[in-house]
Amino acid sequence: MNCPHAEAARAGRNAGVITIDPMVRDLDGETVRLREAGVLARIDLLGVPAWTVTRHAEARQLLVDPRLVKDIGAWGLWQSGVVTRAWPLIGMIDAGRSMFTVDGAEHRRLRTKTSQALTPRRLEAIRPEIEKFTDELLDALDAARGGDGVVDLKAVFAQPLPMKVVGLLMGVDESQHAMLTRQYKAFFSMLTPQDERLALLAELDVFYTDLVRERTARPTDDLTSALILADEGGEPLTEEEVVGNLKAMVAAGHETTIGLVLNAVRALLSHPDQLRLVLDGEVGWDAVIEETLRWDTPTTHLLMRFATEDMAVGEEVIRKGEGVVISYRAIGRDFEQHGPDADAFDITRPTRNRHMTFGHGPHICPGAALSRVEAGIALPALFARFPGLRLAVPDEEITRLPVMTQNDMAAFPVLLG
């Protein structure tokens, strides 16, 4: 790889550095290697060195430590110019001003506005719409069967559902959903050339800016208008802040739910005894959702936080200015937190073994409740409509997309029974 950061990477590279594979060819093996590397592992992200935390307890501590910040200005490699906009992952870190990129009082201000717009009451109010979307997509799934009976569960069901929901929340017309899906898919893919990725980021900025300006002039009952009009907690959000919040929330929100739904289906189909427990009503769907979130996390690696001073973690020291990644998949398989069978999918696992796949502390995912609601509607409805659902190919033939941060499948071919 002809990477402008190769010199910096070689300087920090040693026998213990784990290269995160951009093609995601062996996620299970990578998870094991990270976990075996210790509490903190040295990793290489497309030529850029960083630390990653792999343990539940230490991750909880780091996620509330004010010395680790989201502000890219604290990153030594960014300050020095070693990392530039040419790095393919920069759009996930230098993503404009939003609650995802600031800390402290400013983060609380931006997050408060979002919390006002995404309340439990609002989620409960849209439940009937989510149920309607689910039923419509199940009809589409039935109608999409090919001559051999095979249909792609991702393309027809798991992918459009969260986009429909987030579109409803934001007030985005359904005619724009396909465009947003394509843009985000290209943004996350490691196969997209960086100049194209930067261009589509600019296009997304234009799209969200136009949406915000339209809602500013003509507010409606949606999340975009609520962010613009939220007036509690001090200074209102700027246009840039509303755009940044929306852009990141759509990316995180719909991608997470796609992974959650598909990973749950895949886990249940490969564990028919546990599927039977659920279908017989002996174990609830909430247990399926939580165990899936722990065992096969929708987000594999969350980029990135930066140390504002030297920080000792176990036997290692994170130096001021170094970047820290949160490897949620390794954390979800932590033996100390989840027991010696942490690598096993078990929906009867004791509730004391709680995961933190949606994060912890001030930056905990604001869309966690929405993702759980969507999966809690979609999964039982899917298996109720198609109790004979099964994979159309051997499980080992399911391939993952080349996305370093998301646990995303290229397709999920099934037979509906």
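Reader: Which residue is the bridge partner of Ile 18 in β2?

Author: This is a predicted model, where local features need pLDDT of at least 70, side-chain atom pairs count only at pLDDT 80 or more, and totals for chains, interfaces and linings use all residues. Residues are numbered from 1 along each chain as its sequence is written, and side-chain values use heavy atoms, with hydrogens and water left out. Strands (E, at least two residues) and helices (H or I, at least four) are DSSP runs, numbered from the N terminus. In β2, Ile 18 has as its bridge partner Ile 43.

Reader: In which sense do β1 and β2 pair, parallel or antiparallel?

Author: Two strands pair if DSSP finds at least two bridges between them. Strand β1 covers residues 18–19, and two bridges join it to β2. The sense of this pairing is parallel.

Reader: What is the handedness of the β-α-β crossover from β1 to β2?

Author: The chain leaves β1, passes through helix α2 (residues 27–36) and reaches β2. A crossover is right-handed if, with the strands pointing away from the viewer, the path from the first strand over the helix to the second runs clockwise. This crossover is right-handed.

Reader: Which residues of α2 are buried?

Author: Buried means under 20% relative accessible area, exposed over 50%, and partly exposed in between, with a 1.4 Å probe and protein chains only. Just after α2 comes Gly 38, with a positive phi of about 115°. The buried residues of the helix itself are Leu 27, Gly 29, Glu 30, Thr 31, Leu 34 and Arg 35.

Reader: Why is β2 largely enclosed by the rest of the structure?

Author: In a regular strand the side chains alternate between the two faces of the sheet. On one side of β2, Leu 40, Arg 42 and Asp 44 are buried, and on the other so are Ala 41, Ile 43 and Leu 45. The strand is largely enclosed because its buried residues number six of six.

Reader: Which residue in the turn between β2 and β3 has a positive phi?

Author: β2 and β3 (residues 48–53) pair in the antiparallel sense over six bridges. Leu 40 has Val 53 as its partner, and Leu 45 has Val 48. The two strands form a hairpin with two residues between them, and the one with a positive phi, about 50°, is Leu 46.

Reader: Which strands stand at the edges of the six-stranded sheet?

Author: This open sheet has mixed pairing and the order β1-β2-β3-β9-β6-β4. An edge strand here has a single partner, so one side of it is left without a neighbour in the sheet. The edge strands are β1 and β4 (68–69).

Reader: Which residue in β11 stands opposite Leu 391?

Author: An open sheet of three strands has the order β5-β11-β10, with antiparallel pairing. Its edge strands are β5 (150–152) and β10 (390–391). Two bridges join β10 to β11 (residues 413–415). Opposite Leu 391 stands Val 414.

Reader: Which element gives the largest share of the lining of the largest pocket?

Author: On a 1 Å grid over the protein atoms alone, a pocket is an open set of points with protein on both sides within 12 Å along at least five of seven lines, while a cavity is a set where a 1.4 Å probe fits but cannot get out; lining residues have an atom within 4 Å of a point. The largest pocket holds about 930 Å³, a volume being the space filled by probe spheres set on grid points joined across faces, edges and corners. Of its 45 lining residues, those closest to the centre are Met 92, Phe 100, Ala 248, Ala 252 and Leu 302. The largest share, eight residues, comes from α13.

Reader: How many charged residues line the second largest pocket?

Author: Asp, Glu, Lys and Arg count as charged, Ala, Val, Leu, Ile, Met, Phe, Trp, Tyr, Cys and Pro as nonpolar, and the others, Gly among them, as polar. This pocket has about 330 Å³ of space and 19 lining residues, with Asp 28, Arg 266, Asp 395, Ile 398 and Arg 400 nearest its centre. By class, five are nonpolar, three are polar, and the charged ones number eleven.
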